[in-house]
Amino acid sequence: MKKKEHPNHEAAKRSAVYALLSRLFLKEPGLEMIRFLKSREVLTLFESLDLPLGNEILKKDEASLIHELSLEYARLYLTPPSHLPPYESFYVGGFRDDMENFEPSLQGKAAVEVRTFYHEYGILIPEEAKLLPDHIGVELEALRLLSELESQAADSGHTDRVRQIEGQFLAEHPGRWIPLFSDLIIKKTENPFYRAVSQLTRAFIDSELTELTHRNVEEEVAL
Amino acid sequence: MKFSRRTFLQLGAVGAASLGVNKLLQTQSDAMELIMGGSEVSRTTGKHLKPIPSTCLNCYARCGNYGFNAYGTLIKIGPNPEHPNSRGRMCAKGQAGLNLVYDPDRILYPMKRVGPRGEGKWQRITWEEAYHEVADRMKPVMASGHQEEFVFQSDRDITTQDFTRRFVHAFGSPNAFVNHPLGGPNKQLAQQLTWGADFEIPDVANSEYMLIFGSNPFEAHYLRTSFVQRMVEARSIRRFSADLLRPKAKMVTFDVRVSQTSGRSDEWHPIIPGTDGLVALAMCHVIMEEGMEDRSFINTWTNYSPDALKQHLKDYTPELAEKISGVPAKEIRRIAKEFASSKPSTTISTGGVTKHWNGVYSERCVALLNIITGNVDIKGGYCLPKFYTFKEPEPAPPVPRMKSKLNGLSNYPLAMTELHHRVLPMIKEGRQRIKIYMTYQHNPVYSNPEGKMMELILKDEDLIPYYVCIDSFMTESAALADLILPAATYIERMELEAPPAFEMVPFISLRQPMIPPLGESVPITGILIEMARRIGGGMEKYFKFDTEAYLQERISAIQPLVEAGGLEYLEKNGVFYDSTVKPQYEVFKEKGFNTPSGKIEIYSKRMEEQGFNPLPIYDPIPIHQTIKEGELYMVIHQWMVHTHDRTANCMWLSEIVHDNPVYINSMTARKLDLKNYDRVKVISKAGEMVSSVRVVEGIHPKVIAVGDSCGHWGFGRIAQAEAFKSQDPNTRLLWWGKEKGGFWSEEERDRGNGVHPKPIIPILSDPLGGGQCWMDTKVRIVKV
């Protein structure tokens with residue numbers, strides 16, 4: 001049995017991972033992101049995760065890499081006919097979500113539920129961000145915020161309560177579609193960077209589900 | 001491959017410890033980080049739905065609607081019972097606006113082309129960059145003094161055409177192709193020449209007899225729901241009028257096929273395409289011969305004498321009409337007499353009459369029936385449209401002195417609307433070198449005749465050096481653009497509408513956002529205002545307003561509305577009409593008709609001056625005269641649930657209509673050895689298409705009919721009947737999804753997304769109105 005890290009620190013780290021993932025889905029990687037990913041520590045980590053991201057990033061010059069990644073970003077997440085809309089509603093059904101009446105849609109029932117959840121806990125999406133509440137990046141960002149709150153909650157003794165809320169949100173929303181979405185992206189893209197991002201996302205969400213919702217999944221998640 | 005949780009967390013540690021992911025987000029996240037809200041956060045249950053009154057634009061009828069929001073999400077669009085035209089009725093298209101606004105295939109960010117045109121490689125850019133880029137392209141064109149090298153085109157933009165024209169004129173270019181009269185250019189010209197209005201409003205609610213030529217209002221009239229509900233009312237309710245009880249109205253339809261309207265008429269008469277005008281003239285002949293005409297009306301309110309008219313009609317006998325149109329002379333006589341004796345009566349005529357080579361002449365012939373029977377602008381008759389006009393805010397840009405070389409009007413001296421379908425071909429012919437081609441909700445590759453040619457032109461970077469496409473969707477044409485600017489849909493915009501009033505009391509209807517524009521999309525007015533400011537060079541002085549101030553100014557001359565509270569009143573109520581105004585009939589008695597003579601011009605000097613026959617005549621369609629054995633006429637038709645090129649990606653609508661077989665008469669099918677579901681190739685001068693046939697009785701043996709709006713190859717997934725690549729079992733419920741090659745057997749009927757007939761329709765214009773002849777395609781059919 002591995003020694004559990006102090007939950008406080010763990011939550012802060014989880015928050016950082018969510019921040020990274022959220023940022024990767026919300027925006028095309030810029031120079032700073034590329035340099036961050038190129039740093040020795042991160043590359044070592046990706047290597048130990050068996051994700052071939054490092055080599056690809058090292059080979060190309062920064063400007064052309066940024067350009068190439070922005071095209072793939074648009075192809076995967078933004079423009080028909082190639083894109084997979086990165087919104088929960090699109091994957092879990094529209095308003096009438098019974099089997100007979102599936103309506104692929106933006107702002108479906110899932111978006112309303114997610115927005116309700118945000119409202120309930122006083123989380124606001126800045127209007128100027130012009131983002132829908134069930135965008136993958138926004139949901140991950142919500143988890144970033146929640147785990148950050150968890151890390152701060154230890155002093156007041158509310159850690160369990162915050163974790164419970166995190167677990168509930170994770171299970172009801174990101175957990176029910178991000179694995180599917182990640183798999184679809186992995187199937188769709190040849191780009192090692194976006195494959196790695198999706199693999200990482202999928203694995204991390206699976207791992208989080210196990211940890212937070214005590215789902216009966218082994219700690220080591222095999223893909 | 002194995003991931004361990006510990007490694008993930010190390011990733012977090014690395015981020016926090018070394019470079020700092022959090023820091024990264026703070027500097028680059030574009031204010032994305034979620035923040036904790038204060039006490040002002042609403043915790044409403046969402047159970048109370050507040051209706052937002054607005055105006056539909058999923059077709060041109062522009063009915064009143066209500067949007068219902070919960071948690072910032074539009075969850076339903078319903079009808080507004082206060083709207084004087086639509087009176088609480090709403091069609092499928094209106095309700096499916098929800099599909100349109102939340103279409104997962106929408107473009108939500110400005111996208112810039114990367115790589116060869118049409119290859120499908122895009123890069124997201126910011127609005128700032130997009131405006132910069134457009135301004136950098138536009139400024140040199142303005143500075144060069146050749147502003148005409150900027151061309152702007154929009155499709156069926158009935159609402160913002162004044163605004164887009166203002167933009168193009170302010171820039172200094174005459175090439176604004178934005179004019180879109182209801183019913184098309186041929187109808188507009190015929191009506192204008194005859195009585196000085198763009199179109200007629202048949203007052204069907206009060207009619208006793210509706211005589212329909214080439215029109216299918218139950219499915220496709222340009223004022224659909226408002227119009228058809230009154231037709232149905234007249235057909236189903238005995239109405240008290242003045243002091244007598246009116247009978248239910250009779251409805252007689254001439255059409256090449258049994259449309260929804262023909263099928264619900266008392267009588268359907270199949271007719272050879274393009275001969276409606278002749279049948280109408282033969283009826284006029286009968287009415288005059290029988291002395292059933294309204295002589296005093298003709299004498300007082302037209303510029304032609306009854307005797308001269310009778311002389312002109314002498315040769316248009318029912319027998320001649322029978323020979324050419326196939327309608328029995330006996331029927332023509334009977335219907336003519338019924339029409340003349342059932343006052344008030346009215347005709348209804350749209351595309352089946354006007355979208356032919358002889359569209360203008362034929363429309364004038366149909367109008368003549370109403371004129372000689374004195375049914376003009378009377379209750380229950382053939383009425384002048386009643387509507388408010390808006391003011392153009394001052395200062396208005398001057399109309400550029402230079403004449404456009406691309407509007408096509410030099411060959412069509414009488415035409416009042418630019419020849420939209422010819423703009424791109426004329427660029428190809430080299431009539432005008434252009435530098436920038438900008439479109440708004442215009443998809444020429446799909447909507448124009450000979451679409452393949454349009455595609456080649458748009459792909460040619462010598463002809464079209466820079467193509468800016470303002471649209472909400474990735475259309476067949478947008479895919480060829482250099483820059484796509486995401487436009488807000490009609491559900492997210494603010495606009496004013498003044499459709500013609502069926503209650504004969506003009507009204508104004510406001511379209512207002514039901515939700516804020518999704519993603520980074522921006523309403524067209526907002527885009528153009530910002531562009532004008534960036535381009536500058538003097539054009540910015542015509543755009544010193546925001547959208548609301550512009551609209552406020554537009555209605556500033558309508559005194560009763562200003563007194564009621566102006567825009568604020570409209571925002572609250574959705575519609576405005578002056579309750580002191582009585583229904584307006586026979587308005588010509590006060591001001592005459594808006595023609596040079598002030599009368600109805602049966603004899604048109606303007607036509608004569610340009611070398612056309614000044615009288616309503618039957619003008620045989622040349623291409624029809626050369627039709628050979630084995631050749632057929634192909635006509636296209638609209639669907640109740642679709643609006644041309646814009647609705648096929650709406651799930652609810654495409655579930656109802658998604659494919660469009662070739663309808664063929666059983667006699668013809670026997671001759672060609674065709675059975676139901678047989679696969680056929682339809683060949684025209686412009687190209688060929690493959691579809692499957694449906695053998696029916698209700699179509700003229702010399703005609704095949706194919707529906708519009710289907711067969712998209714580059715719109716959204718639903719429009720292309722692509723089952724989603726999702727593992728979610730629900731997504732497989734797009735049950736009509738197609739495999740490559742389509743479905744051709746009876747078991748698999750109704751599958752796939754059909755074919756699009758417009759690419760095989762040759763470019764051809766009515767020599768008077770210039771409108772495209774959609775119904776004059778000669779085809780051969782081969783079994784494959």
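1. B:Pro344 sits in the loop between α14 (329-341) and β16 (345-349) of chain B, where helices (H or I, at least four residues) and strands (E, at least two) are DSSP runs numbered from the N terminus. The peptide bond that joins B:Lys343 to B:Pro344 is cis, with omega about 0 degrees. This is a predicted model, in which local features need pLDDT of at least 70 and side-chain atom pairs count only at pLDDT 80 or more, while totals for chains, interfaces and linings use all residues. Residues are numbered from 1 along each chain as its sequence is written, chains are lettered from A and ligands numbered from 1 in the order in which they are written, and side-chain values use heavy atoms, with hydrogens and water left out.

2. Another cis peptide bond runs from B:Glu394 to B:Pro395, with omega near -5 degrees. B:Pro395 belongs to the loop between β17 (382-383) and α17 (423-429) of chain B.

3. Positive phi values also deserve a look. B:Glu450, although not a glycine, has a positive phi of about 50 degrees, and it lies in the loop between α18 (444-447) and α19 (451-459) of chain B. For B:Glu586, likewise a residue other than glycine, phi is near 45 degrees; its place is the loop between β23 (575-577) and α24 (588-591) of chain B. B:Glu586 has a relative accessible area of 30% and is therefore partly exposed, on a scale where buried means under 20%, exposed over 50% and partly exposed in between (1.4 Å probe, protein chains only).

4. Which residues surround B:Asn665, beyond its neighbours within four places in sequence? The contacts, meaning heavy atoms within 4.5 Å, are with B:Val695, B:Val696, B:Glu697, B:Ile699, B:His700 and B:Pro701. B:Asn665 is part of strand β25 (residues 662-665) of chain B, and it counts as buried because its relative accessible area is 5%. B:Pro701 is 36 residues from B:Asn665 in sequence, yet the C-alpha to C-alpha separation is 5.1 Å. The side chain of B:Asn665 also reaches the backbone nitrogen of B:Met667 at 2.8 Å.

5. Chain A has 11 helices and two strands. Of its 223 residues, 62% are buried, and among the contacts in chain A with a separation of 6 or more, 62% are between residues 24 or more positions apart.

6. Is A:Glu208 buried or exposed? With 0% relative accessibility, A:Glu208 is buried, and it is located in helix α11 (residues 192-213) of chain A. Leaving aside neighbours within four places in sequence, A:Glu208 is in contact with A:Arg14, A:Tyr18, A:Leu170, A:Thr213 and B:Arg5.

7. Helix α8 (residues 136-153) and helix α9 (residues 159-172) of chain A have axes that come within 8 Å and cross at roughly 165 degrees, the axes being lines fitted to C-alpha atoms over the stretch in contact and the angles running from 0 to 180 degrees between N-to-C directions. That makes α8(A) roughly antiparallel to α9(A), given that angles under 35 degrees count as roughly parallel, over 145 as roughly antiparallel, 65 to 115 as roughly perpendicular and the rest as oblique. By class, the contact of α8(A) with α9(A) has nine nonpolar, two polar and four charged residues; here Ala, Val, Leu, Ile, Met, Phe, Trp, Tyr, Cys and Pro count as nonpolar, Asp, Glu, Lys and Arg as charged, and the others, Gly among them, as polar.

8. In chain B, helix α10 (residues 276-289) packs with helix α12 (residues 306-313) at an angle of about 130 degrees, the axes being 9 Å apart, which means that α10(B) is oblique to α12(B). On the α10(B) side the contact is made by B:Leu281, B:Cys284, B:His285, B:Met288 and B:Glu289, and on the α12(B) side by B:Pro306, B:Leu309, B:Lys310 and B:Leu313. These residues divide into six nonpolar, one polar and two charged.

9. Helix α21 (residues 547-554) and helix α23 (residues 566-573) of chain B pack at an angle of about 105 degrees, with their axes 9 Å apart, and are therefore roughly perpendicular to each other. The contact involves B:Glu548, B:Leu551 and B:Gln552 of α21(B) together with B:Gly566, B:Leu567 and B:Glu571 of α23(B).

How values were computed
A polar contact is a pair of N or O atoms within 3.5 Å; within protein, one must be able to donate a hydrogen and the other to accept it, and residues adjacent in sequence count only if both atoms are side-chain atoms.
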